[in-house]
Amino acid sequence: MRLNLEHPDAILDAYEAFAAIAREHRVPLDGVLIQPMLTGGTETMIGVVQDRLFGPIVGFGLGGTDVEVLGDMHFRLAPLAPREIDELIRGSRAGQLLAAHRGRPAADIPALSELLARVAALAVDVPEVMELDLNPVIVKP
(Lines give C-alpha, C1' and ligand atoms only; values in the text may rest on other atoms or scores of the structure.)
Protein backbone atom coordinates (compact mmCIF):
# COMPACT_ATOMS: atom_id res chain seq x y z
CA MET A 1 0.00 0.00 0.00
CA ARG A 2 1.23 3.48 -0.81
CA LEU A 3 -0.40 6.63 0.51
CA ASN A 4 -0.33 10.33 -0.30
CA LEU A 5 0.78 9.93 -3.91
CA GLU A 6 0.22 13.42 -5.21
CA HIS A 7 1.78 13.26 -8.69
CA PRO A 8 1.52 10.84 -11.64
CA ASP A 9 5.25 10.08 -11.36
CA ALA A 10 4.79 8.96 -7.75
CA ILE A 11 1.95 6.66 -8.82
CA LEU A 12 4.09 5.17 -11.58
CA ASP A 13 7.00 4.67 -9.17
CA ALA A 14 4.71 2.86 -6.71
CA TYR A 15 3.34 0.63 -9.47
CA GLU A 16 6.87 -0.25 -10.63
CA ALA A 17 7.83 -1.13 -7.04
CA PHE A 18 4.79 -3.43 -6.73
CA ALA A 19 5.58 -5.02 -10.10
CA ALA A 20 9.17 -5.68 -9.01
CA ILE A 21 8.00 -7.35 -5.79
CA ALA A 22 5.52 -9.47 -7.76
CA ARG A 23 8.23 -10.56 -10.22
CA GLU A 24 10.64 -11.35 -7.39
CA HIS A 25 8.05 -13.63 -5.76
CA ARG A 26 6.75 -14.98 -9.09
CA VAL A 27 3.26 -13.69 -8.42
CA PRO A 28 1.22 -12.54 -11.42
CA LEU A 29 0.23 -8.89 -11.16
CA ASP A 30 -3.08 -8.40 -12.91
CA GLY A 31 -3.37 -4.74 -11.99
CA VAL A 32 -3.52 -2.29 -9.13
CA LEU A 33 -6.29 -0.29 -7.51
CA ILE A 34 -5.81 3.46 -7.25
CA GLN A 35 -8.19 5.44 -5.07
CA PRO A 36 -8.28 9.03 -3.93
CA MET A 37 -7.25 9.60 -0.34
CA LEU A 38 -10.28 10.34 1.82
CA THR A 39 -10.03 13.33 4.11
CA GLY A 40 -12.26 14.48 6.92
CA GLY A 41 -14.88 12.49 8.74
CA THR A 42 -14.64 10.39 11.88
CA GLU A 43 -12.67 7.13 11.97
CA THR A 44 -14.72 4.27 13.37
CA MET A 45 -14.35 0.50 13.37
CA ILE A 46 -16.79 -2.33 12.76
CA GLY A 47 -15.83 -5.87 13.60
CA VAL A 48 -17.26 -9.38 13.75
CA VAL A 49 -16.15 -12.48 15.56
CA GLN A 50 -17.82 -15.88 15.55
CA ASP A 51 -18.00 -17.01 19.17
CA ARG A 52 -18.39 -20.78 19.72
CA LEU A 53 -20.92 -20.27 22.50
CA PHE A 54 -22.85 -17.16 21.46
CA GLY A 55 -22.48 -17.12 17.66
CA PRO A 56 -21.74 -13.94 15.70
CA ILE A 57 -20.83 -10.88 17.73
CA VAL A 58 -20.64 -7.43 16.11
CA GLY A 59 -18.42 -4.70 17.53
CA PHE A 60 -18.39 -0.95 16.94
CA GLY A 61 -16.33 1.95 18.26
CA LEU A 62 -13.68 4.51 17.49
CA GLY A 63 -11.26 3.27 14.86
CA GLY A 64 -8.01 4.22 13.23
CA THR A 65 -4.50 3.38 14.26
CA ASP A 66 -5.13 3.85 18.00
CA VAL A 67 -8.15 1.53 18.30
CA GLU A 68 -6.53 -0.64 20.99
CA VAL A 69 -5.46 2.38 23.04
CA LEU A 70 -8.85 4.11 22.78
CA GLY A 71 -10.73 1.09 24.19
CA ASP A 72 -14.04 2.20 22.72
CA MET A 73 -15.38 -1.07 21.29
CA HIS A 74 -18.95 -2.06 22.15
CA PHE A 75 -20.50 -5.41 21.24
CA ARG A 76 -23.89 -6.93 20.44
CA LEU A 77 -25.04 -10.37 19.31
CA ALA A 78 -26.09 -10.58 15.66
CA PRO A 79 -28.56 -10.19 14.08
CA LEU A 80 -28.97 -6.55 15.10
CA ALA A 81 -32.34 -4.84 15.52
CA PRO A 82 -32.45 -1.11 14.72
CA ARG A 83 -32.60 -0.31 18.46
CA GLU A 84 -29.41 -2.33 19.07
CA ILE A 85 -27.62 -0.54 16.23
CA ASP A 86 -28.64 2.78 17.74
CA GLU A 87 -27.35 1.65 21.15
CA LEU A 88 -24.03 0.54 19.63
CA ILE A 89 -23.49 3.90 17.98
CA ARG A 90 -24.81 6.23 20.67
CA GLY A 91 -23.30 4.25 23.54
CA SER A 92 -19.76 4.71 22.27
CA ARG A 93 -17.44 7.69 22.37
CA ALA A 94 -17.60 7.50 18.58
CA GLY A 95 -21.30 8.33 18.87
CA GLN A 96 -20.45 11.57 20.63
CA LEU A 97 -18.05 12.55 17.85
CA LEU A 98 -20.58 11.62 15.15
CA ALA A 99 -23.20 13.99 16.58
CA ALA A 100 -23.21 17.64 15.53
CA HIS A 101 -21.01 19.72 17.83
CA ARG A 102 -19.08 23.03 17.85
CA GLY A 103 -20.23 23.97 14.36
CA ARG A 104 -19.37 20.56 12.94
CA PRO A 105 -22.25 18.86 11.10
CA ALA A 106 -23.59 15.51 12.24
CA ALA A 107 -22.20 12.44 10.51
CA ASP A 108 -24.30 10.25 8.23
CA ILE A 109 -25.69 8.03 10.99
CA PRO A 110 -28.27 6.37 8.68
CA ALA A 111 -25.50 5.16 6.34
CA LEU A 112 -23.45 3.90 9.29
CA SER A 113 -26.52 2.13 10.71
CA GLU A 114 -27.15 0.43 7.39
CA LEU A 115 -23.53 -0.75 7.20
CA LEU A 116 -23.75 -2.18 10.73
CA ALA A 117 -26.98 -3.99 9.80
CA ARG A 118 -25.41 -5.43 6.65
CA VAL A 119 -22.27 -6.58 8.46
CA ALA A 120 -24.42 -8.24 11.13
CA ALA A 121 -26.50 -9.96 8.43
CA LEU A 122 -23.30 -11.16 6.74
CA ALA A 123 -22.09 -12.61 10.04
CA VAL A 124 -25.36 -14.53 10.46
CA ASP A 125 -25.73 -15.62 6.82
CA VAL A 126 -22.09 -16.60 6.27
CA PRO A 127 -20.81 -18.17 9.50
CA GLU A 128 -17.63 -19.16 7.65
CA VAL A 129 -16.56 -15.53 8.18
CA MET A 130 -14.86 -16.22 11.48
CA GLU A 131 -13.52 -12.72 11.99
CA LEU A 132 -13.82 -9.40 10.18
CA ASP A 133 -12.33 -5.99 10.92
CA LEU A 134 -13.30 -2.89 8.95
CA ASN A 135 -10.90 -0.22 10.15
CA PRO A 136 -11.17 2.57 9.50
CA VAL A 137 -14.75 3.11 8.51
CA ILE A 138 -14.75 6.83 7.77
CA VAL A 139 -18.12 8.41 8.58
CA LYS A 140 -18.67 11.76 6.90
CA PRO A 141 -21.55 14.27 7.13
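A salt bridge is a side-chain nitrogen of Lys or Arg within 4 Å of a carboxyl oxygen of Asp or Glu. The legends below describe close-up views of a predicted model.

**View 1. A salt bridge joins Asp72 and Arg93.** The closest N and O atoms of Asp72 and Arg93 are 3.9 Å apart, which falls within the 4 Å limit. Asp72 sits in the loop between α2 (67-70) and β3, and Arg93 belongs to helix α4, so the pair ties together parts 21 residues apart in sequence. Asp72 counts as buried, at 3% relative accessibility, whereas Arg93 is partly exposed, with a relative accessible area of 40%. The structure holds five salt bridges.

**View 2. Arg76, Arg83 and Glu87 are linked in a network of salt bridges.**

**View 3. Within helix α3, Arg90 and Asp86 are four residues apart and meet in a salt bridge.** Their N to O distance is 2.7 Å. Because Arg90 and Asp86 are four residues apart in the helix, about one helical turn separates them. Arg90 is exposed, with a relative accessible area of 51%, while Asp86 is partly exposed, with 34%.

**View 4. Four strands form an open sheet in the order β3-β2-β1-β4, with antiparallel pairing.** The edge strands, β3 (74-77) and β4 (131-139), each pair on one side only. On average, and ignoring direction, neighbouring strands are turned by 20° against each other. Helix α3 (residues 82-90) packs on this sheet and touches β2 (55-62) and β3; the direction of α3 makes about 170° with that of β3. Helix α5 (residues 109-125) also packs on the sheet, where it touches β1, β2 and β4, and its direction makes about 20° with that of β1.

**View 5. Strand pairs can be followed residue by residue.** Strands β1 (residues 42-51) and β4 pair over seven bridges, and Thr42 stands opposite Val139 in β4. Between β1 and β2 there are eight bridges; the two strands form a hairpin with three residues between them. Val49 stands opposite Ile57 in β2. Strands β2 and β3 pair over four bridges, and the bridge partner of Gly59 is Phe75 in β3.

**View 6. The largest nonpolar core has 21 residues.** Ile46, Val58, Phe60, Ile89, Leu98, Leu112 and Leu116 touch the most other members. Two or more residues each come from β1, β2, α3, α4 (93-98), α5 and β4. Helix α5 gives the largest share, six residues. Eight of the eight residues of β2 are buried. Leaving aside neighbours within four places in sequence, Val58 is in contact with several residues, including Phe75, Leu88, Leu116 and Ala120.

**View 7. Met130 lies in the loop between α5 and β4.** Not counting residues up to four places away in sequence, Met130 touches Val48, Val49 and Gln50. Met130 and Ala78 are 52 residues apart along the chain, and their C-alpha atoms are separated by 13 Å.

Technical notes: Residues numbered from 1 in each chain as written. Predicted model: local features only at pLDDT ≥ 70, side-chain atom pairs only at ≥ 80, totals over all residues. Heavy atoms only, no water. Pairing = 2+ DSSP bridges. Axes fitted to C-alpha atoms, helices over the stretch in contact; angles between N-to-C directions. Contact = heavy atoms within 4.5 Å. Buried < 20%, exposed > 50% of the residue type's maximum accessible area, 1.4 Å probe, protein only. Core = buried A, V, L, I, M, F, W, Y, C linked by side-chain atoms within 4.5 Å.
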